[in-house]
2 protein chains.
Amino acid sequence: MYDLAIELRPEDERCLYQQIYEYIRQEIREGKLLQGERLPSTRSLAQYLQVSRSTAELAYGQLVSEGYLEARPCRGYFVCPIEGLFDLKAEGEREPGGAEPARKRGESFRYDFSPFAIDMSAFPFGVWKRITRETLSQDNSRLFSQGDAQGDWELRATVSRYLHSSRGVNCTPDQILVGAGNDYLLMLLEKLLGSRVRIVMESPTYKRAYQIFQSFGYPITTVEVDRQGMKAGELFRLAGERDGVTAVYVMPSHQYPTGAVMSIGRRMELLKWASQGENRYLIEDDYDSEFRYRGKPIPSLQGADKGGKVIYIGTFSKAIAPAIRVSYMVLPSSLLRRLREECYFYSSTVSRIDQRILDEFIRGGYFERHLNKMRKLYRGKHDLLLESLGPFRGDFEISGENAGLHLLLADRRGRSQQELLTLAKERGVRVYGMSDNVVAREPQKRGPATVILGYGGLREEEIAAGVERLKKAWL
Amino acid sequence: MYDLAIELRPEDERCLYQQIYEYIRQEIREGKLLQGERLPSTRSLAQYLQVSRSTAELAYGQLVSEGYLEARPCRGYFVCPIEGLFDLKAEGEREPGGAEPARKRGESFRYDFSPFAIDMSAFPFGVWKRITRETLSQDNSRLFSQGDAQGDWELRATVSRYLHSSRGVNCTPDQILVGAGNDYLLMLLEKLLGSRVRIVMESPTYKRAYQIFQSFGYPITTVEVDRQGMKAGELFRLAGERDGVTAVYVMPSHQYPTGAVMSIGRRMELLKWASQGENRYLIEDDYDSEFRYRGKPIPSLQGADKGGKVIYIGTFSKAIAPAIRVSYMVLPSSLLRRLREECYFYSSTVSRIDQRILDEFIRGGYFERHLNKMRKLYRGKHDLLLESLGPFRGDFEISGENAGLHLLLADRRGRSQQELLTLAKERGVRVYGMSDNVVAREPQKRGPATVILGYGGLREEEIAAGVERLKKAWL
């Protein structure tokens, strides 16, 4: 049995399980822990280190899921054979999606400007707990039975009201489908659209959506984005589809990652293009429209759609918490019909209890209050970042302000993206490269190297300190 | 504004919202409520009828989701135009899946022998509430962040221990993927198996799985089932696949609906067949193996698999509660690798909070206690049904005992299945036809008409009374 000489540093910004995780991973990488070697049980490790058992389990869990350790039921934890590490790379490439990306990459950055991280510090845990308690203490045994495949009607009614008032979405509760996350909703949409589907995406775009459409085997065409959003005019130049479906995946209110807001003209072009073919659809991903700091809110594309062409998708994972696996899709009548005639057997993916809790959270006005709080909070971080980036304006062009949780810096000195990322990394700062979001197969005309700075997950002092380091790195 | 003259009958076995729902639906069907007519708000209806608001909302909700009513945000509820009723049929055809099927069909049966309904009366609501409270009251803000795509490791470790001890499943936590229901797991499996997949199913089989594979566009071949389970030998006579995958979907421990337990010989044939091709897999759906009343438990097929050929799928929806949208899939290393290399971007579909609650429920021993309680409860119902069916033994052959939540009655008098269903319906009893589960495209040799009697969702007195009516109907 191997003895772990870990010195935990409470003052370290890394939480305890992360310190344990990184220590053991290091030991394995350096060969101090050998293949097949057995580790102490979580119980004895917890006692030894004076931490809670779940802390120890969490550390081991991370190591197992990354392929460093292997858990043999009833026997314990063993160091994996090298080939057990096959998935490290894939692990490394995982989308941060808010979950300490630096840890996932097996690298430790002091400051991580992830565009996917969000701030949970202001989440009203107390309210959530109370609502949960109340929901369970009413006689709600019916909540434990199977619910409607589209989601419970009460929640759908609440969501439709919310979308109507806040996003100008024009729908009835029976058009809404509640599902466990956007990825699932896209999977279900695949069933509704059928097999002969071509997807048109903006480039750059949200990489995960691109990967998902790819995994569907859909041919993907891309259209460039400029300051007015997707160049919708190019859609008319696409080869006309025969009997297959053509669906355009767009983020009109706040394009990821460029931050462009699609102009009214372009929106009209989109809708016009869609209206010209029975099998044309627009998939509107309204992923973070809740967070807008200047100018009046941009109404959804769906609200302007008269022809039943827009499939509207949104999520509570960003506005409330990533763990709240509740997203929603608003279907036009043609697809709603297909859902009920051909896909009625897919059962709901969200627990009714969770649906009820979320419903109460919104109806009680807590969601709106939380959004206002978050808007202020993110706006503060946004302004601070923008301000502290003042000295960068000579060497960089800054864009993507006014909304969302990230800014863009385009280099004016002709340096490569990799160069900028490496310079930042050497200072312990993680930034993200725009080109990772470019999905066009055709070679793009080379623009300036652009990096993405997300600020949602960082505290204000971290933003300031991170920018200081970036100054040293880049200016 | 239309005035509803509903007389609620508390003594009626139908719950209040159902009475309201059925009354209004009747009014619409009979044209007493006209298209476009506005209904009272849920608040005023609740006041008027002296019921809770959520009861009124539930009734309206059902009517909306079935297309009778339309909810216009901020305006109220209106009777739909007739074409709004297009989905009634589809609604009617929905799989009961435990949710008051009679209501879903828009028919009212006094006794419903649904094979999908389960008994929630013994569910330890108190324990569940306490665990939920405790889970939220610990400092678990991390539970609100994004979790591992495969599910949190703690729960996967717990599930692997449970599967190892109770089902002889041989796996490590990192082989387990936790997802929001079997339907979702099959969708993800579709991504892992690729596009060129042929499915082999038992016939009769679980209809929903068949519908789902169909919606994937997979060609489906069927193999007959006898008392020893699937005739595995026939697999060797299938045309050899070229570069595509061939996956056999089986329920070896308790075949649905026949109840057959696959013999050891057949299991070995299955595994042998799978071992003869790199792209051959066995999908083991262990859907209700928890409920076995006689004989020693049947170990899983996965436990006997040495070649990494079995994909094991199970769910907590049946053993705990349908609302608990947690199923699990155990992947062989080849597919686990593909998951991490090609599908790592699909994020988890189960809230971490729910994962933790379930984890505590199992670790605390409450799950096992609940299972034992349910086994006794279901066994009692099973024995009662079997006993009260004594008088039927002349006219029917009874089978499918020893496990699961339903029995089969095969008619000896040469009557058609429809005849039996209709006779039962005339007595207010709903039974289910075996032929609805026959998915073979080729004409089957005509066996005797067989009906399915599920007893999970009925109280003992209801079972007795229901059988009395069946006597009058069939004997």
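1. Which residue in strand 8 of chain A is the bridge partner of A:Asp226? In this predicted model, that partner is A:Gly229. The pairing belongs to a hairpin that strand 7 and strand 8 of chain A form, with 2 residues between them. Strand 7 covers residues 220–226 of chain A, while strand 8 covers residues 229–230 of chain A, and the two run antiparallel and are joined by 2 bridges.

2. Strand 7 of chain A also pairs with strand 6 of chain A, which spans residues 197–203, and here the two strands run parallel and are joined by 5 bridges. Within this pairing, A:Ile199 has A:Ile220 of strand 7 as its bridge partner. Strand 7 of chain A is therefore described by a parallel pairing with strand 6 and by an antiparallel pairing with strand 8, as the definition of strand pairing requires at least two bridges.

3. Turning to the open sheets, one in chain A has 3 strands in the order 1-3-2, with antiparallel pairing. Its edge strands are strand 1, residues 38–39, and strand 2, residues 69–72, each of which pairs on one side only. Strand 1 of chain A meets strand 3, residues 76–79 of chain A, in the antiparallel sense over 2 bridges, and A:Leu39 has A:Tyr77 of strand 3 as its bridge partner.

4. Another open sheet of chain A has 4 strands in the order 13-14-17-16, again with antiparallel pairing. Strand 13 (396–399) and strand 16 (432–433) of chain A stand at its edges with a single partner strand each, so that one side of each is left without a neighbour in the sheet. The partner of strand 16 is strand 17, residues 450–454 of chain A, and these two pair in the antiparallel sense over 2 bridges; across them, A:Tyr432 stands opposite A:Ile452 of strand 17.

5. On the relation between the chains, a rotation of 180° with 0.0 Å of shift along its axis superposes chain A on chain B, with an RMSD of 0.1 Å. The two copies are thus related as by a two-fold rotation axis. The C-alpha of chain A that is nearest this axis belongs to A:Arg133, at 3.3 Å from it.

6. The contact takes 74 residues from chain A and 73 residues from chain B, and the two chains bury about 7300 Å² between them, of which 62% lies on carbon and sulfur atoms. A:Phe144, A:Gln146 and A:Trp153 supply 10% of the area that chain A buries against chain B, which is more than any other three residues supply. Of the interface residues of chain A, 99% are also interface residues in chain B, so the copies meet through the same surface.

7. As for specific interactions, 4 salt bridges are found across the interface of chain A and chain B. A:Arg363 forms a salt bridge with B:Glu57, in which the closest N and O atoms are 2.9 Å apart. Helix 6 of chain A, residues 125–137, gives the most to the side of chain A that touches chain B, with 7 residues. The residues on that side of chain A divide into 34 nonpolar, 17 polar and 23 charged.

Conventions
Residues numbered from 1 in each chain as written. Chains lettered and ligands numbered in written order. Predicted model: local features only at pLDDT ≥ 70, side-chain atom pairs only at ≥ 80, totals over all residues. Heavy atoms only, no water. Least-squares fit on C-alpha atoms with pLDDT ≥ 70 in both. Contact = heavy atoms within 4.5 Å. Buried area = accessible area lost by both parts, 1.4 Å probe. Salt bridge = Lys/Arg side-chain N within 4 Å of Asp/Glu carboxyl O. Nonpolar A, V, L, I, M, F, W, Y, C, P; charged D, E, K, R; others polar.
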